[in-house]
Amino acid sequence: MTGRTFVTVGAGQTAAVAARTLRRRGFDGRIVLIGDEPHAPYQRPPLSKEFLSGADTSDSLEILPPQWRADNDIELLTGTEVVRVDTAAGRVELARGPAIDADAVLFATGGQPRRLSVPGPRPDLVHYLRTVDDARRLQAALVPGRRLAIIGAGFIGLEIAATASTLGVDVTVLEVAAVPLAGVVGPRVGAEIARVHRDRGVSVRAGVAVDALHTTVDGVVVTCADGTSVAADAVVVGIGITPNTAVAAASGLSVDGGIVVDAQGRTSIPNIYAAGDVASRYSARAGRHVRLEHFDNANRQGAAVANAMLGREAVNDDAPWFWSDQFDHNLQLLGAATTELVVRGDVESFDFSAFYLDGDVLRGVFTVDRGEDVMAGRELLGRRVERAVLEDEDTDLWELVDTEEVAS
């Protein structure tokens, strides 16, 4: 044993991947994961899809099964609140129980849903989806014939809409933007995603701001800024998350829209790191600090920061990648959605790829049920590609990888 102790504040995806990477890289010291939830580390993406629908069980969500933790000597403290980290002394202070001395600390505290005021006698009818317990509570509301209103047409909101609609729930989605997801995938692609939901019976009302929620003894009324209202048996609020930075701030770390770290996940204080949803990491690709809320980012940065904790140079600055399953479609987004768009495939049948260009340089790829195009697009990002070639379905994108030049 090395005698060193590494502690994670947070016990989600990022912390679990970091712990697993540390053991795979030969670290034989003490590893302690501290989480405020009463559960072992689990995957969050299925919460709005397979788990919410009842197709998956909680066991299928596990990241570090009990036997693996035992075999690899991973200590897990659940239901435990960290008050602060004494960075000078290298001590993690808990709300209850003795402090833990640590040689390195990883902040992987994630985020929490943005909330709305909910007056009335039944605040339990207003749901948020971030944890497995949230998903269990929402499951009980997804009864065929019942009315569900969803505030926010981001990926989470639309995934819940697809799941609930498939279960026979009457779903209304309210979105303040004129086109759902326009800020993420662009207005044309966002409009097509909304169309698919409407074709499946989901009422998608875009350009509608929500003024207030009010619960009654048996339902919820959503009042909109245009004077209309929506009555529902339950409401889901999906308007984004805020990073959990309170413990970092109490520990003296730099916080600016997230915990500020360098490209390797290092804070300004030696041996203190941050990764995942909570980290505002410097990206040379973007030329600035960025904070990403993607499952893939949690995985990649969890592994990268584990290497940094071991003194290895392991910067991961790949283009962001995200996927979403809605109804029977798999949607994937790689890189950035710019205003210039080239479409390959059949938009009307919702079977296409969209390539986002900056001039003639490929900056991003969005696909519907075309994962192979994302894989090829990953190799083509930053390269000059002819529009006509991208549009031509007869052209093998992989052939372009060896021929298209990298932009300066």
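Helix α1 spans residues 13-24 and helix α9 residues 295-309; they pack at about 40°, with axes 8 Å apart. Axes are lines fitted to C-alpha atoms, for helices over the stretch in contact, and angles run from 0 to 180 degrees between N-to-C directions. Helices (H or I, at least four residues) and strands (E, at least two) are DSSP runs numbered from the N terminus. The model is predicted: local features need pLDDT of at least 70, side-chain atom pairs count only at pLDDT 80 or more, and totals for chains, interfaces and linings use all residues. Residues are numbered from 1 along each chain as its sequence is written, and side-chain values use heavy atoms, without hydrogens or water.

In α1, the contact (heavy atoms within 4.5 Å) is made by Gln13, Thr14, Val17, Ala18, Thr21 and Leu22. Helix α9 contributes Phe295, Ala298, Asn299, Gly302, Ala303, Ala306 and Asn307.

An open sheet holds five strands in the order β22-β23-β26-β25-β24, with antiparallel pairing. Pairing requires at least two DSSP bridges between two strands. Neighbouring strands are turned by 15° against each other on average, direction ignored. Six bridges join β22 to the antiparallel β23 (residues 329-335). Tryptophan 323 has glutamine 332 of β23 as its bridge partner.

Helix α10 (residues 371-380) lies across β22, β23, β24, β25 (351-358) and β26 (361-368). Helix α10 runs at about 170° to β26.
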